[in-house]
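Hi everyone, thanks for making time for this. I'd like to walk you through a few spots in one structure, so please have the viewer open and follow along.

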Amino acid sequence: MMEFSAYLSFQRLRRTIWFWAFLVFLLGKSGGVLSDSNYLVGLGSYDITGPAADVNMMGYANMEQTASGLHFRLRARSFIVAEPQGNRVVFVNLDACMASQLVTIKVLERLKARYGDLYTEKNVAISGIHTHAGPGGYLQYIVYIVTSLGFVRQSFDVLVDGIEKSIIQAHENLRPGSIFVNKGELLDAGVSRSPSGYLNNPAAERSRYKYNVDKEMTLLKFVDDQWGPVGSFNWFATHGTSMSRTNSLISGDNKGAAARFMEDWFEQNDIESTSADEFGADGILRRVSSIISSPRRNHHELLELAASFQSPSGKPATRILSVARRVRNAFRQADKPGFVSAFCQSNCGDVSPNVLGAFCIDTGLPCDFNHSTCGGKNENCYGRGPGYPDEFESTRIIGERQFRKAVDLFNTASEQLEGKVDYRHTYLDFSQLEVTLPKQGGGSEVVKTCPAAMGFAFAAGTTDGPGAFDFKQGDDQGNPFWRLVRNVLKTPDKEQVDCQHPKPILLDTGEMKQPYDWAPSILPIQILRVGQLVILSVPGEFTTMAGRRLRDAVKTVLTSSGEFNGVHVVIAGLTNTYSQYVTTFEEYEVQRYEGASTLYGPHTLSAYIQEFKKLASALISGQAVKPGPQPPDLLSKQISLLTPVVVDLTPSGVNFGDVKSDVPKNSTFKRGDTVTVVFWSACPRNDLLTEGTFSLVEILHGKGYLGSSL
């Protein structure tokens with residue numbers, strides 16, 4: 001009897017072994033990535049589209065560039081990676097021009113109220129993609145909100161709300177999962193807009209690199225143990241300036257478009273790979289992207305019903321949230337997280353998406369190489385995107401190029417991240433930071449950074465968006481008239497002039513304190529680690545060579561320990577706050593736009609390198625870092641001169657939503673035609689329609705509707 005019992009037990013064991021072996025075989029044949037999960041992974045996404053009318057856009061500092069509609073909606077996309085019983089990090093990517101210190105402060109306050117000390121300034125990074133087509137007025141320092149007529153509470157609130165909700169989503173989606181990293185070259189999505197500045201770097205240093213801008217994209221692929229791939233984040237350097245300084249439609253520019261492309265691509269592929277039985281016989285319809293030029297197939301049977309597009313101002317964050325139900329994929333299973341794809345910014349300071357080069361709009365000839373002028377003036381020198389003269393086409397093309405490279409990296413990613421999750425963060429006063437530099441011939445010297453100041457070439461703008469008057473790039477002298485204008489606001493003293501040399505000071509912003517601070521002094525720096533990936537969070541726009549020097553310096557410190565062999569170091573630009581540009585010492589001497597906008601003087605980059613090396617050393621040793629001086633919270637001091645929406649009326653007998661001019665009956669259209677209809681609408685500032693849509697275009701196709709939303 002005992003022998004028979006043992007025989008049965010053996011048979012059960014054998015069947016169990018064969019069952020699991022067969023299951024592993026099936027999973028392997030399915031094309032999925034098999035790996036041991038070593039992290040908890042969660043992703044989230046939420047609408048951060050601000051006021052689509054009347055508000056000045058952030059980026060070009062052009063007072064005439066005021067929002068008057070939507071190209072497509074903006075989002076905050078987040079990932080959280082956590083050790084099951086240890087550290088965690090949060091990275092948020094914003095379809096916004098840059099991060100804001102005040103936004104970061106208020107988001108952290110909300111997270112503390114909800115989660116205690118789980119998420120703090122130490123392990124949360126908030127980064128902007130640098131679109132120049134989003135509403136402004138959400139930063140706290142005066143110089144960044146002058147053109148928006150001061151602080152715009154609506155722009156600010158939607159950012160804080162959306163970031164918080166995207167993090168809540170990511171937190172609630174935390175599940176066992178794995179992360180894969182991949183890298184590859186993307187050659188045709190960025191060119192140098194300051195090649196003469198780059199050429200001032202040492203020839204020996206330049207000879208180490210094939211290109212004068214970084215061409216490498218680094219991508220993370222997030223894989224949920226149960227659901228499979230749930231998202232991707234990548235870092236690539238190119239400016240968000242495919243949309244011009246005259247554009248008035250809110251847009252995520254090329255990186256926001258790329259994110260939409262990739263999320264739609266994954267959903268289309270996800271639909272194709274899932275059986276029809278999962279959706280029911282009637283099939284739940286989905287939205288068609290309004291910016292993808294030509295979808296590969298007609299998936300009309302899976303397009304979301306028009307009735308699912310509602311317009312309340314958002315709902316509390318849940319595991320699936322309204323973004324998945326109303327905007328993207330209502331057909332998903334109730335608990336399955338939506339796919340989140342973010343195209344993050346890196347060291348884009350001198351990188352333009354206008355890859356055809358800069359030309360004079362009056363003559364068609366190339367602009368002056370050193371000063372980016374036409375006949376001595378900068379106003380007519382503009383960069384041309386690949387879709388020139390159509391900026392929407394240029395946005396689509398540069399977005400699509402990034403999207404296609406990301407898909408390639410996503411599909412071939414095989415290197416799994418393994419190891420610790422960790423972070424280091426500190427605040428630094430960049431107005432008076434001592435920096436120790438090696439001297440030629442041996443020894444060292446101590447130099448200092450300066451209070452913030454902008455040079456004359458700042459007002460010249462760039463080839464992506466030139467300035468006005470008689471300013472020009474490469475100006476290291478200034479002129480008497482504009483010095484008189486400057487002195488009305490603040491005359492820099494000799495110490496400041498000497499400290500900023502050879503920059504001629506146009507605005508001494510770091511020493512202008514009325515009615516409150518014009519520019520930041522206290523800045524955050526941060527390192528996030530996930531296994532062999534290290535993210536350097538920088539609060540500004542590093543040029544190509546400045547970014548290379550910083551990455552190399554940190555990588556040298558990390559690899560010296562022996563723990564970080566094969567480390568991947570990426571720069572996350574415009575993160576946690578904003579302090580304009582960072583050039584190399586040599587580029588600063590040329591005083592093009594980027595050098596004139598390097599606020600803290602010629603040794604700014606050296607200060608960053610010194611302090612990041614300290615953070616890297618602390619990361620290796622496990623030592624804590626002093627928090628440093630806290631940045632100010634200036635919310636109570638903000639001034640707003642933007643006129644509110646006083647009254648919103650329609651003519652007598654007309655209701656909001658009524659059609660004023662309809663499409664003629666029996667009209668026919670072909671792809672590419674413009675269809676025009678005019679209807680009575682309220683001001684978009686009355687309701688941002690967060691997680692909703694202002695308009696829905698429907699085409700009757702058989703028994704269902706195709707829908708496209710804004």
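**Rings, salt bridges and a few buried residues**

Let me start at Phe 430, which counts as buried because its relative accessibility is 0%. Before I go on, please keep in mind that this is a predicted model.

So what does Phe 430 pair with? Its ring forms an aromatic pair with Tyr 608, and the geometry is tilted: 4.6 Å centre to centre, with 35 degrees between the planes. That angle falls in the tilted class because stacked needs planes under 30 degrees apart and edge-to-face needs over 60. Phe 430 sits in the loop between β17 (421-429) and β18 (434-438), while Tyr 608 belongs to helix α14 (residues 604-621), so the pair ties together parts that are 178 residues apart in sequence. Tyr 608 is buried as well, at 1% relative accessibility.

For contrast, look at Phe 481 and Trp 482, whose pair is edge-to-face, at 5.0 Å centre to centre and 75 degrees between the planes. Trp 482 has a relative accessible area of 15%, and it is buried; the cut-off for that label is under 20%.

How many aromatic pairs are there by this rule? The count comes to 24. Some rings also join up into a group: Phe 79, Phe 91, Phe 222, Phe 233 and Trp 235 are linked by ring pairs into a cluster.

Now for the charged side chains. As a reminder, side chains of opposite charge can pair when their charged atoms come close. Searching the whole structure gives 35 salt bridges, and I've picked out a few.

Take Arg 110 and Glu 164 to begin with: their closest N and O atoms are 2.9 Å apart.

Next, Lys 112 bridges to Asp 117, with the closest N and O atoms at 2.7 Å. Lys 112 is partly exposed at 48%, and Asp 117 is exposed, with a relative accessible area of 59%.

Then there is Asp 464 with Arg 193, where the closest N and O atoms are 2.9 Å apart. This pair links distant parts of the chain, 271 residues apart: Asp 464 is in the loop between β21 (461-462) and β22 (465-466), and Arg 193 is in the loop between β9 (191-192) and α4 (195-198). Asp 464 is buried, with a relative accessible area of 4%, and Arg 193 is buried too, at 6%.

Coming back to Arg 110, which residues share its network? Salt bridges with shared partners join Arg 110, Arg 114, Asp 161 and Glu 164 into one network.

Let's move to Thr 49, in the loop between β1 (39-47) and β2 (53-58). Thr 49 counts as buried because its relative accessibility is 0%. What does its side chain reach? It makes a polar contact with the side chain of Asp 47 at 2.7 Å, and it reaches the backbone nitrogen of Leu 74 at 2.8 Å. Setting aside neighbours within four places in sequence, Thr 49 is in contact with Leu 70, Arg 73, Leu 74, Val 158, Ile 250 and Leu 688.

Another loop residue to look at is Ala 99, between β5 (88-94) and α2 (101-115). At 1% relative accessibility, Ala 99 is buried. C-alpha to C-alpha, Ala 99 and Ile 129 are 9.0 Å apart in space and 30 residues apart in sequence. Leaving out neighbours within four places, the contacts of Ala 99 include Ile 126, Gly 128, Leu 139 and Leu 574.

Last stop, the surface. Met 63, Leu 149, Ile 639 and Leu 641 make a nonpolar surface patch of about 390 Å². Met 63 lies in the loop between β2 and β3 (66-68), and with a relative accessible area of 48% it is partly exposed.

That's my tour, and I'm happy to go back to any of these spots.

Notes: Residues numbered from 1 in each chain as written. Predicted model: local features only at pLDDT ≥ 70, side-chain atom pairs only at ≥ 80, totals over all residues. Heavy atoms only, no water. Helix = DSSP H or I, 4+ residues; strand = E, 2+ residues; numbered from the N terminus. Buried < 20%, exposed > 50% of the residue type's maximum accessible area, 1.4 Å probe, protein only. Polar contact = N/O pair within 3.5 Å; in protein donor to acceptor, adjacent residues only side chain to side chain. Contact = heavy atoms within 4.5 Å. Patch = residues over 30% accessible without salt bridge, like charges linked within 9 Å, V, L, I, M, F, W, Y side chains within 5 Å. Areas by Shrake-Rupley, 256 points an atom, 1.4 Å probe, with all protein chains shown as cover. Salt bridge = Lys/Arg side-chain N within 4 Å of Asp/Glu carboxyl O. Phe/Tyr/Trp six-rings, centres within 6.5 Å; stacked < 30°, edge-to-face > 60°.
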